[in-house]
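Please look over the sequence and the structure shown below before reading on. The report that follows takes up the pairing of strands, then a helix and a crossover, and finally the surroundings of the ligand.

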Amino acid sequence: MEQEHKRRVRYRGTHPRRYEEKYKELNPQKYGEDVQAIIQRGKTPAGMHIPIMVEEILEFLQVKPGQVGYDATLGYGGHTKRILECLQGQGRLYATDVDPIESAKTQARLQELGYGPEILTVKRMNFADMDQVAPGVKFDFVLADLGVSSMQIDNPQRGFSFKQDGPLDLRLDPTCGVTAAQRLRELREDELVGMLMDNADEPYAQRIASAILRQLGQGRAIETTKQLYAVIEQALSFLPANQRKEAVKKSCQRTFQALRIDINSEYEVLYAFLEKLPDVLKSGGRAAVLTFHSGEDRLVKKAFKQYCRQGIYSQAASEVTRAGAQECFLNPRAKSAKLRWAIRA
Ligand SMILES: C[S@@+](CC[C@H](N)C(=O)[O-])C[C@H]1O[C@@H](n2cnc3c(N)ncnc32)[C@H](O)[C@@H]1O
C-alpha cells in the first residue's frame, strides 16, 4: 500500500524553535551530520539524550564479555549501548525504565543496531523492584543514572519544563499515578512548603506555596507549566527588578524538581534500590550511581558508607566524581552530575 505523505510542521522564521518543529533533530538517522554539529556546539538535539561520564563509568564497571549486568535507567540507551559494546555479543544486559513512551523508542533503536533479545532484555519496570528484574540472577555490575532524560524534559507534552507551555504532568510513567496539577490541588499549604524545602531547598517556599494556594482558592487553574511559572513570577514580584528574572528561573527549576520528586516518589524508590542493591550483586560486583541533586546524593552516600562499615561492600567512593570541563561545555546537564560507586564484598 502506498504510504500517505506527511508534510512536516511549518515554522515561522529561519530556524525551528518549538520541539515539534525540529524535524532534523528528531530524525538523527536521516540528519546525522546536522545532529553532530548541534552536539559540538554544546547543545542536546531535541529527542536525544547525551550520556554523562561514560568513560568514568566504564572504567569503574570494568565490563567484560560474558558478564551479566543491569542498567536500571535505560533512558535514550546511551550508557546501555556503550556497555553492550563492551560485552562484545557475549553475556547479557538487563535494562529497565518506567517510561513507556521513551523506553519503547530506545528498545527499537537498539534493536536496529543489532542489540536484540539475545543480548539485551528491556523491561518496563521501576528499579525499586530490581530484585524482580532477573530473579535468581546475580549481576556483575549495576548502573543507575537517576532523574529524567533530555527527551522527557524537552517534550512539552510531558510537562517537565516551564520553557514551553504544556500540561503540568511531570509523571515519568504517564499511564499511572497523579499529575503534578492534581497533586497541587490536594496539598495543604504546610505540606507544600515542606515539599518545596525538603525536595529542592527552595528559599521562597512559603511565598510560592501561599501564591499557589491563593490562585487555586480563587478558582483560577494551575493546569499548565506556564500557569505555574506565572504564579511563581507573581510570588517573587517583591524582589528588585534586576534580580527577579534569575530568581524566578531558579525558583521555577526548584519547584518543578520538588514536584517531580514528590509525584514519582523518587526518594522512596531510590531508598528501595539502595537497600536491595547488595542482594542482586555478585561478590566483587560493581555498582555506579549518577545523581543530580544533593538530596539524592546524600541518600547514596549514606547507604554506601553504612554498608561499607557493615562489610557488605568492600569499598565505596569516598569522594564524588564530577564531569570534566570539556564534557560540561558539550553537555551542560553534566554540571550537576555526581558519580558514586561501591564494590560488593
Ligand atoms: C537520566 S535518564 C537515563 C539516561 C541514560 N543513562 C542514557 O544514557 O540515555 C533517567 C531515566 O531513568 C528513568 N527512571 C527514573 N526513575 C526510574 C525508576 N524509579 N525506575 C526505572 N526508571 C526510572 C527515567 O524515565 C529516565 O528515562
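## Inside the sheet

Val 142 has Ala 287 in β5 as its bridge partner. Strand β4 (residues 139-145) and strand β5 (residues 281-291) run parallel and are joined by six bridges, where two strands count as paired if DSSP finds at least two bridges between them. Strands (E, at least two residues) and helices (H or I, at least four residues) are DSSP runs, numbered from the N terminus.

This is a predicted model, in which local features need pLDDT of at least 70 and side-chain atom pairs count only at pLDDT 80 or more, while totals for chains, interfaces and linings use all residues. Residues are numbered from 1 along each chain as its sequence is written.

## The order of the strands

Strands of a sheet pair through backbone hydrogen bonds, either parallel or antiparallel. Here seven strands form an open sheet with mixed pairing, in the order β3-β2-β1-β4-β5-β7-β6. At its edges lie β3 and β6 (313-316), each of which pairs on one side only.

On the side of β7, the pairing with β5 is antiparallel over six bridges, and Leu 290 has Leu 339 in β7 as its bridge partner. The pairing of β6 with β7 is also antiparallel, over three bridges, with Arg 344 in β7 as the bridge partner of Tyr 313. Of the seven residues of β7, six are buried, a residue being buried if 20 or more other C-beta atoms, placed from the backbone, lie within 10 Å of its own.

Strand β2 (residues 92-96) pairs with β3 in the parallel sense over four bridges, and Leu 93 has Leu 120 in β3 as its bridge partner. Between β2 and β3 the chain passes through helix α4 (residues 100-112), and this β-α-β crossover is right-handed: with the strands pointing away from the viewer, the path from the first strand over the helix to the second runs clockwise.

In a regular strand the side chains alternate between the two faces of the sheet.

## Around the ligand

Which residues come nearest to the ligand? Of the 22 residues around the ligand, these are Pro 51, Thr 73, Gly 75, Tyr 76 and Gly 78, where a residue is near if its C-beta atom, placed from the backbone, lies within 6 Å. The shell divides into eight nonpolar, 10 polar and four charged residues, with Ala, Val, Leu, Ile, Met, Phe, Trp, Tyr, Cys and Pro counted as nonpolar, Asp, Glu, Lys and Arg as charged, and the others, Gly among them, as polar.

Key: A residue is buried if 20 or more other C-beta atoms lie within 10 Å of its own, exposed if 12 or fewer, and partly exposed in between; C-beta atoms are placed from the backbone.
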